[in-house]
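Hi everyone, thanks for coming. Today I'd like to walk you through one protein, piece by piece, so please have a look at it first.

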Amino acid sequence: MVHYLIKISPEMAVKSDPVRRKQLRQMRRNVRRMMRQLDERIDVRPGWDRIDVYVPGEDPEAEQRRTVEHGEAAGLAERVIHYLQRMPGAQFILLVDDLPWQNFEDAAEKVTHVYRERLAGKTFAVRVKRRGEHSFSSQQLEQFLGGHLLKNTDAVGVNLKHPEIPVNLEVKRESMVVVRRRYPGQGGFPIGTQEPVLSLISGGFDSAVSSYMAIRRGLQTHFLFFNLGGTAHEAGVRQMVRHLWADYQSSHRVYMISVPFEGVIGELMTRINHSYRGVVLKRLMMRAAERIANEMHISGLVTGESISQVSSQTPLNLGLIDQSTDMLVMRPLVFMNKDEIIDVADRIGAYWMAANMPEYCGVISDRPTTRAKKGRIERDESFFDDAVLDAAVANRTMTPVDQMLESEVGIDDVPRVNTPSPGDVVIDIRHPGEAADAPLTLTNNEIRSIPFYELNHRFAELDAGNRYLLYCDEGSMSTLHAGHLIAEGHDNVVVYDPGE
């Protein structure tokens with residue numbers, strides 16, 4: 001039996017007793033839900049400031065060696081620590097041995113057996129905690145164990161302030177717990193101890209990290225997606241949403257709400273001045289998000305904006321965006337640099353999904369303003385047909401994230417060519433402004449301009465006898481759309497990548 005001991009975050013520990021007990025009860029429920037998904041035999045037991053998890057099976061370190069050496073699938077104990085490390089509310093998780101307490105000499109032999117290999121060439125410090133009445137002090141046991149380890153291991157010495165290897169032991173009445181491994185946790189608060197929120201997610205770095213940061217603070221986080229790029233865009237975002245749910249909040253059911261915004265984009269492009277489209281688009285999203293959140297009895301929105309990262313995110317423009325809603329808008333990334341955001345995305349396993357997600361919002365505006373004026377915004381919005389926004393909200397879909405199977409969200413590799421064949425038709429899916437600034441020219445092939453936000457419904461109108469090469473500047477948007485046209489049964493689509 002493998003024993004993991006979950007230590008709660010200091011933020012929970014310093015709460016008043018009633019609040020701490022309430023949060024700890026919620027965390028135990030979360031652990032039990034997650035563990036039941038792995039194996040019904042896993043036993044979860046409460047403690048005053050901790051949670052004990054007992055996992056049937058063998059040592060996780062032996063499992064890990066087999067995984068590395070023989071390519072075997074991760075064992076149960078390995079999978080358990082994977083999820084416990086990602087559970088909000090846990091400061092760290094300890095892999096421990098439960099042993100009977102006898103005397104100093106017996107404890108020294110057992111501790112030496114656990115730590116001998118790890119102490120070679122390292123400094124260490126012994127930390128002992130005691131509970132109950134004993135004839136010795138914690139300091140006396142620490143000194144005895146330290147001396148024994150110095151004599152019987154290849155440790156280079158003791159460093160009480162900054163040890164390379166802490167040696168932890170807890171003695172409780174007639175038993176002792178020896179800590180074999182210490183794994184970092186997420187900290188924060190357990191999911192379900194705060195109000196739920198609705199996170200606006202596009203699948204890129206910013207919205208993925210802001211959603212994660214909301215989850216880590218104990219906010220049950222539902223996902224709101226404004227679909228600007230058709231089925232291809234949605235499939236990529238579904239992949240990101242499922243990852244964030246599965247790794248960080250699978251103890252709770254959350255929903256992904258998808259709002260078809262292609263019609264809104266079409267209306268925006270024809271009615272709104274080009275320099276104001278970015279700010280107006282965000283205001284329309286806020287208006288739609290507020291309506292959906294109210295229907296779900298959610299009182300807060302989460303977005304991934306960071307000050308001045310793009311033109312719509314200047315303080316002045318963010319203020320105008322917020323004026324479109326009465327709802328609380330939370331921006332966890334507002335003062336973070338882009339490299340810091342990307343580092344977090346990498347750490348939470350979202351980097352490659354985000355890196356391959358095109359930035360649709362960024363291609364809507366042409367020469368966008370950084371200092372929008374309220375009167376001008378309101379005047380331009382008066383030209384917008386609100387019935388288009390109403391229709392988009394009415395046609396939204398709402399899917400429990402746990403019902404989105406992994407097989408539904410992956411993007412398959414798609415064929416790519418760097419030289420079109422005779423008869424190939426190249427489709428430039430860039431925003432018309434981008435295409436006008438850097439026209440694509442080919443001598444022997446027809447080029448059609450079909451913006452990404454029109455591609456999904458216009459592709460079916462094309463001659464099925466032709467082969468179509470999708471083109472965009474970076475290749476990510478064309479890859480995403482080609483992959484999902486292929487998934488929908490179109491076998492005449494490839495990506496045109498002249499840079500290869």
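Let's start with a helix called α19, where Met477, Ser478, Thr479, Leu480, His481, Ala482, Gly483, His484 and Leu485 are buried. Buried here means under 20% relative accessible area, while exposed means over 50% and partly exposed is in between, with a 1.4 Å probe and protein chains only. Helices (H or I, at least four residues) and strands (E, at least two) are DSSP runs, numbered from the N terminus. So α19 is mostly covered, with 9 of its 12 residues buried.

Before going on, a word about what you are looking at: this is a predicted model, so local features need pLDDT of at least 70 and side-chain atom pairs count only at pLDDT 80 or more, while totals for chains, interfaces and linings use all residues. Residues are numbered from 1 along each chain as its sequence is written, and side-chain values use heavy atoms, leaving out hydrogens and water.

Now the whole protein. There are 19 helices and 19 strands, and of the 500 residues, 54% count as buried. The C-alpha atoms fill a box of roughly 85 × 50 × 40 Å, taken along the principal axes.

Next, a sheet. It is open, has 8 strands in the order β2-β3-β1-β4-β8-β7-β5-β6, and its pairing is mixed. Two strands pair if DSSP finds at least two bridges between them. Which strands sit at the edges? They are β2 (43-46) and β6 (157-158), each pairing on one side only. Helix α2 (residues 17-38) packs on this sheet, touching β1, β2, β3 and β4, and its direction makes about 15 degrees with that of β3. Those angles run from 0 to 180 degrees between N-to-C directions, with axes fitted to C-alpha atoms, for helices over the stretch in contact. Contact means heavy atoms within 4.5 Å. Strands β5 and β6 run parallel, joined by 2 bridges, and threonine 123 has glycine 157 in β6 as its bridge partner. Helix α6 lies across β5, β6 and β7, at about 145 degrees to β5.

Let's finish with aromatic rings. Rings of Phe, Tyr and Trp (its six-membered ring) pair if their centres lie within 6.5 Å; planes under 30 degrees apart are stacked, over 60 edge-to-face, and the rest tilted. By this rule there are 10 aromatic pairs. In one of them, phenylalanine 104 and phenylalanine 136 are edge-to-face, 5.1 Å centre to centre with 85 degrees between the planes. Phenylalanine 104 is in helix α5 and phenylalanine 136 in the loop between β5 and α6, so the pair ties together parts 32 residues apart in sequence. Phenylalanine 136 counts as buried, at 10% relative accessibility. Tyrosine 471 and tyrosine 496 make a tilted pair, because their ring centres are 5.8 Å apart and their planes are at 45 degrees. Here tyrosine 471 belongs to strand β18 and tyrosine 496 to strand β19, 25 residues apart. Finally, Trp101, Phe104, Phe136 and Phe144 form one aromatic cluster.
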